[in-house]
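Please read the points below alongside the sequence and the model.

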Amino acid sequence: LTPALLHTTAFLGVALLAYCWGSWIASRRAGMLAALLWVGTLEAAVTGGAPYVDCTLVLFVTAAVFSFHRYTCQRELGWLLASGAFLAFAAGTKYHALFFLGALGLATQVVTVRHRRLRHLLWYGVVVGALALPWYLFIYVQSGSPVHPFYPQVFGYDDWSYQLRRGSARQTRDLGQDRSDGSPALLEELGRSTRRLVTENTGRSLRMTVDVFLHPKRYRGRSLSPYYIFALPFIVLMMFRFQRARWAALLIYSYFLFLSATVFDMRYALPILPVIAVFGSEGADRLIGWLTPESGRWIAMPVALAMAFPLVAHAPRLGQRQLNVRRVLPIDEVARDRYIQRRVNQYRAVRALDRIEDGDYRLYGLFTENLRYYVGGTLLGDWFGPAKYRRVTAFRRSPEKLYQALQAMDVDYLLVPNLRRWKSGRLARIKVAGIEEMRSHFRIIHRSELSVVYN
């Protein structure tokens, strides 16, 4: 419940930021339109009510871009440092923030050099480095790669990165080998990726900018909001008059160009939506001002409210559709258990273990990192870190060595699911030693068609 409430607060915080940003560059009408356009985004609302980090990422990115916009207008160092701090927090939240870190970092260099404020650039670099580098240093220490599990051809393959890039014989040979040290390999790979990004994905990114709003079923995830498609023409029209609209359009297109070259999920488009909402709402507000004569400005707010109503009118209907799929949330413990069992395959095994123990136990789960919210004791097992899967999967065919590896981590129980669904959607069977072989060193605590718990 606590993570869900935290991300719901982030969702509402983005709406507040959109309102403040729109009110600052145009009027309160623009701020209201921008905030309601964000609130009416189904994917954002659903993600904001779940323990995903995406709305927190959007909050940090929006605050960073807003602060940088204020800096370009006021040239106050505090706004630039705030932008750098928010970018560092975003980069520590999710890898997608590295795009904004690079884009705003480049823009900061252009602005500070043009106005001869290199001291601002230096302080900006200090703030970003001090707040962002510790996260990536931690990831590097734990996994051997600062961007794990990506770029395994540079830093070396493990189980997770292999699953992302499985298929070729070279990847099979590289599995488990030491990473190459040397920035030339990294720079060479980044160069190839950049050339491929520009040459192969330019047209695709333009189609994606429109398709994610008009044809969301082509992409994984829920609908965004069809009204974003009306915000884009307003931004294009303002490009002919305002430099900030040109910068915003470049940022929007560049981000979709970046997304077109990665594994896409509808949630990944969320960080750029407040920018579209704010600048599209500014264009709509200027249209309202142009259509409303000076003597009749009192009708401007009713016109804006009439435009705002459709932005959120579709949300209850889409929300009811989600409710029909997920059913009414349970209100007692028995109904809660049944609800979760239908959606989490290994939940029954965890509940059986909780009935035996009082919560003071250590459970190692193979490829069950999403069970962390439901385990009464301590759940071990992840793609990297001191309890990474590789320490156990290397001995999954040898009960004796497997027992010794678990003992070294002070593990009380081992949970082995029968099937695992990878991010690609492929179902794979988790292969370990047979039940009879495992009995030589383990005792079966729980067994079902979905999983087995060993002691």
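The points below go from the basis of the model to the whole chain and then to its parts.

1. Basis of the model. This is a predicted model, in which local features need pLDDT of at least 70 and side-chain atom pairs count only at pLDDT 80 or more, while totals for chains, interfaces and linings use all residues. Residues are numbered from 1 along each chain as its sequence is written, and side-chain values use heavy atoms, with hydrogens and water left out.

2. The chain as a whole. The protein chain has 20 helices and seven strands; helices (H or I, at least four residues) and strands (E, at least two) are DSSP runs, numbered from the N terminus. Of its 455 residues, 47% count as buried. Buried means under 20% relative accessible area, exposed over 50%, and partly exposed in between, with a 1.4 Å probe and protein chains only. Among contacts with a separation of 6 or more, 65% are made by residues 24 or more positions apart; a contact means heavy atoms within 4.5 Å.

3. The largest nonpolar core. This core has 67 residues, and those with the most contacts inside it are Trp38, Ile272, Val275, Ile276 and Phe279. Helix α4 (residues 54–74) gives the most to it, with eleven residues. A second, separate core of 21 residues includes Leu366, Leu402, Val416 and Tyr454. A nonpolar core is a set of buried Ala, Val, Leu, Ile, Met, Phe, Trp, Tyr and Cys residues joined through side-chain atoms within 4.5 Å. In soluble globular proteins, nonpolar side chains tend to be buried together.

4. Two residues and their contacts. Leaving aside residues up to four places away in sequence, Val275 touches Trp21, Val65, Ala248, Leu251 and Ile252. Asp285 belongs to helix α14 and is buried, with a relative accessible area of 7%.

5. Of the 26 residues that line it, the closest to its centre are Phe68, Thr72, Ala107, Trp247 and Ala248. Helices α4, α6 (97–114), α13 (243–260) and α14 (273–291) each supply at least two lining residues, and the largest share, nine residues, comes from α6. The lining divides into 17 nonpolar, six polar and three charged residues. In this scheme Ala, Val, Leu, Ile, Met, Phe, Trp, Tyr, Cys and Pro count as nonpolar, Asp, Glu, Lys and Arg as charged, and the others, Gly among them, as polar. On a 1 Å grid over the protein atoms alone, a cavity is a set of points where a 1.4 Å probe fits but cannot get out, and a pocket is an open set with protein on both sides within 12 Å along at least five of seven lines; lining residues have an atom within 4 Å of a point. Grid points are joined across faces, edges and corners, and a volume is the space filled by probe spheres set on the points.

6. Strand β3. Five of the five residues of β3 (residues 413–417) are buried, so this strand is largely enclosed by the rest of the structure. Tyr413, Leu415 and Pro417 point one way, and Leu414 and Val416 the other. In a regular strand the side chains alternate between the two faces of the sheet. Strand β1 (residues 362–365) pairs with β3 in the parallel sense over three bridges, and Leu363 has Tyr413 as its bridge partner. Strand β7 (residues 451–454) runs antiparallel to β3, joined by four bridges, with Leu415 opposite Val453. Two strands pair if DSSP finds at least two bridges between them.

7. Helix α17. In α17 (residues 347–356) the buried residues are Tyr347, Ala349, Val350, Ala352, Leu353 and Asp354. Their cover includes α16 (333–341), β1, β3, β6 (444–447) and β7.

8. The cavity. The structure holds one cavity of 30 Å³ or more, and the largest cavity has a volume of about 40 Å³. Its lining residues are Asn345, Gln346, Arg348, Ala349, His446, Ser448, Glu449, Leu450 and Ser451.

9. Backbone angles to inspect. Phe367, in the loop between β1 and β2 (378–380), has a positive phi near 55 degrees although it is not glycine. Phe367 is also buried, with a relative accessible area of 11%. Asp410, in the loop between α19 (399–408) and β3, has a positive phi near 60 degrees and is likewise a residue other than glycine.
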